[in-house]
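Reader: Here is a structure that I have not seen before, and I would like to go through it with you in questions and answers.

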Amino acid sequence: MFTLPASVSVVLATEAVDRRKSIDGLMALVKSAWGEDVYSGHLFAFVSRRGDRLKVLTWSRGGFVLLYKRLKTGRFSGDLHWPVLGDH
């Protein structure tokens, strides 16, 4: 269990992201496609197409942190209820 300050938001990708993307590729997506500040300290979460891998990118104390979780069995989409966004 992680405890986050109230000032930290979790930004969840609503579409699958290529799991081969590393810090630089995910940073580019956050900055260009989402228009978010990658240095804000917020958590940016990305799920793989198969739904069994999750990456979380954040900035902390002068460097980027990339957390990676691969499920042994099952999928995140079955365990979590991902939000569905309509057209804006």
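Reader: With which residue does R50 form a salt bridge, and how far apart are the closest N and O atoms?

Author: This is a predicted model, in which local features need pLDDT of at least 70 and side-chain atom pairs count only at pLDDT 80 or more, while totals for chains, interfaces and linings use all residues. Residues are numbered from 1 along each chain as its sequence is written, and side-chain values use heavy atoms, with hydrogens and water left out. A salt bridge is a side-chain nitrogen of Lys or Arg within 4 Å of a carboxyl oxygen of Asp or Glu. By that rule R50 pairs with D52, and the closest N and O atoms are 3.1 Å apart.

Reader: Is D52 buried or exposed?

Author: Buried means under 20% relative accessible area, exposed over 50%, and partly exposed in between, with a 1.4 Å probe and protein chains only. The relative accessible area of D52 is 11%, so D52 is buried.

Reader: Which residues are linked with D52 in a network of salt bridges?

Author: D52 also forms a salt bridge with R53, the closest N and O atoms being 3.0 Å apart. Together with the bridge from R50 to D52, this gives a network that links D52 with R50 and R53.

Reader: Which residue meets R20 in a salt bridge?

Author: R20 is exposed, because its relative accessible area is 69%. Its partner is partly exposed, with a relative accessible area of 26%, and the side chains meet at 2.7 Å, N to O, the partner being D18.
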